Amino acid sequence: MNNLEPIQIVPDVYYMQVGPTMVNCGFVVTRDGVVVVDGGPTPAAGVAIREAIARVTDQPIAYVINTHFHSSHTFGNQAFDVPVIAHSRCRQDMQRALTDEWTPEEIERCCQEHRDIAPEMVGLRVTLPSIAFGGTGFLHIGGKLLQLLPLGNHTPDSIAVFLAEQRVVFAGDNLFNGRHPFLRHANASQWADVLRRLESLKIDQAVPGHGRVMERKDVYNLRVYFESLRRAPRHRKGQPHLERIAQV
Ligand SMILES: [Zn+2]
């Protein structure tokens, strides 16, 4: 994997885009260590993230936070060797995935299909969160406060990491930039409400799960899009599948 290039959002707060899906990894530098927001999509990506952070600061990494359980955000966890923090549902869903879509056979099949990422997956040890919370989480470290806000929606375990003083939020996959949000585990009808909640935070910038950092107006535009989907005509029960799709 090539060197990653951290982009500064405000002093001490950075993000970088990782790998073919441009999944974002964020980090916050404090005087008591660095907090990483999402560990990257593969073990090799996790190492590249760790090395990129070391080029920015001498502070050691203190914690990794996972915004949700999807592999693009968690398969790099093992590279950091520090406690991983996530919503309690995230730990549960990772445990479930280990018996379902993340069995060794399924991961091998995925690597066969995507030969470009196979070398990065060597040595994968799925690393579960060791610190889990239920409601809002508060991480006070080195003079900074990170609020961990349960959002659900994209996945039931999805959280945002909000830095009120810095007016920045890491929104996980409830925000996408430049591509359509991934809806497989989502309740699309609630999406506009979640975006409204993100807009209600006093933020200047929002880091999406994938794509470049966004401004408040970009969050508004995405919310308007989801509201237009919500107003689209609903399908009638019993209609053929293709006809339903054509209506939306
Ligand atoms: Zn996701």
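1. What pLDDT does the protein average, and what percentage of the residues score at least 70? The model is predicted, with an average pLDDT of 90 and 90% of the residues scoring at least 70. Where pLDDT is low, the predicted coordinates should not be read in detail.

2. Overall make-up. The secondary structure comes to seven helices and 13 strands. The protein has 248 residues, of which 38% count as buried. Taking contacts between residues at least 6 apart in sequence, 64% join residues at least 24 apart.

3. Nonpolar core. The largest nonpolar core has 54 residues. Val36, Ile65, Val161 and Val169 have the most contacts inside this core. Beyond four places in sequence, Val36 touches Cys25, Phe27, Ile49, Ile61, Val64, Ile65 and Phe80. In soluble globular proteins, nonpolar side chains tend to be buried together.

4. Strand β12 and its partners. Strand β12 spans residues 205-210, and five of its six residues are buried. Strand β11 (residues 168-176) runs parallel to β12, and five bridges join the two. Gly172 has Pro208 of β12 as its bridge partner. Strand β13 (residues 214-215) runs antiparallel to β12 and is joined to β12 by two bridges. Ala206 stands opposite Met214 in β13. The hairpin of β12 and β13 has three residues between the strands, and there Gly211 takes a positive phi near 95 degrees.

5. Helix α5. Which residues of helix α5 (residues 191-200) are buried? They are Trp191, Val194, Leu195 and Leu198. These residues lie on the same side of α5, because they cover an arc of only 100 degrees around the axis. An α-helix has 3.6 residues a turn, so residues three or four places apart point the same way. The buried residues of α5 pack against β10 (159-163), β11, β12 and α6 (216-231).

6. Helix α3. In helix α3 (residues 88-98), the buried residues include Cys90, Asp93 and Met94. Their arc around the axis is only 105 degrees, which puts them on the same side of α3. The buried residues of α3 pack against α2 and β6 (84-87).

7. Thr67. Is Thr67 buried or exposed? Thr67 counts as buried because 30 C-beta neighbours fall inside 10 Å. Thr67 lies in the loop between β5 (61-65) and α2 (71-74). Leaving out residues up to four places away in sequence, Thr67 touches Val37, Asp38, His73, Ser158, Ile159, Val161, Phe170, Gly172 and Gly209. The C-alpha atoms of Thr67 and Pro150 are separated by 9.2 Å, although the two are 83 residues apart along the chain.

8. Thr30. Thr30 belongs to strand β3 (residues 23-30). With 19 other C-beta atoms within 10 Å, Thr30 is partly exposed; the cut-off for buried is 20 or more. The separation between the C-alpha atoms of Thr30 and Ala62, 32 residues apart along the chain, is 9.5 Å.

9. Most residues other than glycine have a negative phi, and most peptide bonds are trans. Asp12 has a positive phi, near 75 degrees. Asp12 is in the loop between β1 (7-10) and β2 (13-18) and counts as buried because it has 20 C-beta neighbours inside 10 Å. Asn153 also has a positive phi, near 70 degrees. The loop that holds Asn153 runs between β9 (144-150) and β10. Asn153 counts as buried, with 23 C-beta neighbours inside 10 Å.

Note on methods. Residues are numbered from 1 along each chain as its sequence is written. This is a predicted model: local features need pLDDT of at least 70, side-chain atom pairs count only at pLDDT 80 or more; totals for chains, interfaces and linings use all residues. Helices (H or I, at least four residues) and strands (E, at least two) are DSSP runs, numbered from the N terminus. A residue is buried if 20 or more other C-beta atoms lie within 10 Å of its own, exposed if 12 or fewer, and partly exposed in between; C-beta atoms are placed from the backbone. Two residues are in contact if their C-beta atoms, placed from the backbone, lie within 7 Å. Two strands pair if DSSP finds at least two bridges between them. The arc is that of the directions from the helix axis to the C-beta atoms. A nonpolar core is a set of buried Ala, Val, Leu, Ile, Met, Phe, Trp, Tyr and Cys residues joined through C-beta atoms within 7 Å. pLDDT is the predictor's confidence in each residue, from 0 to 100.
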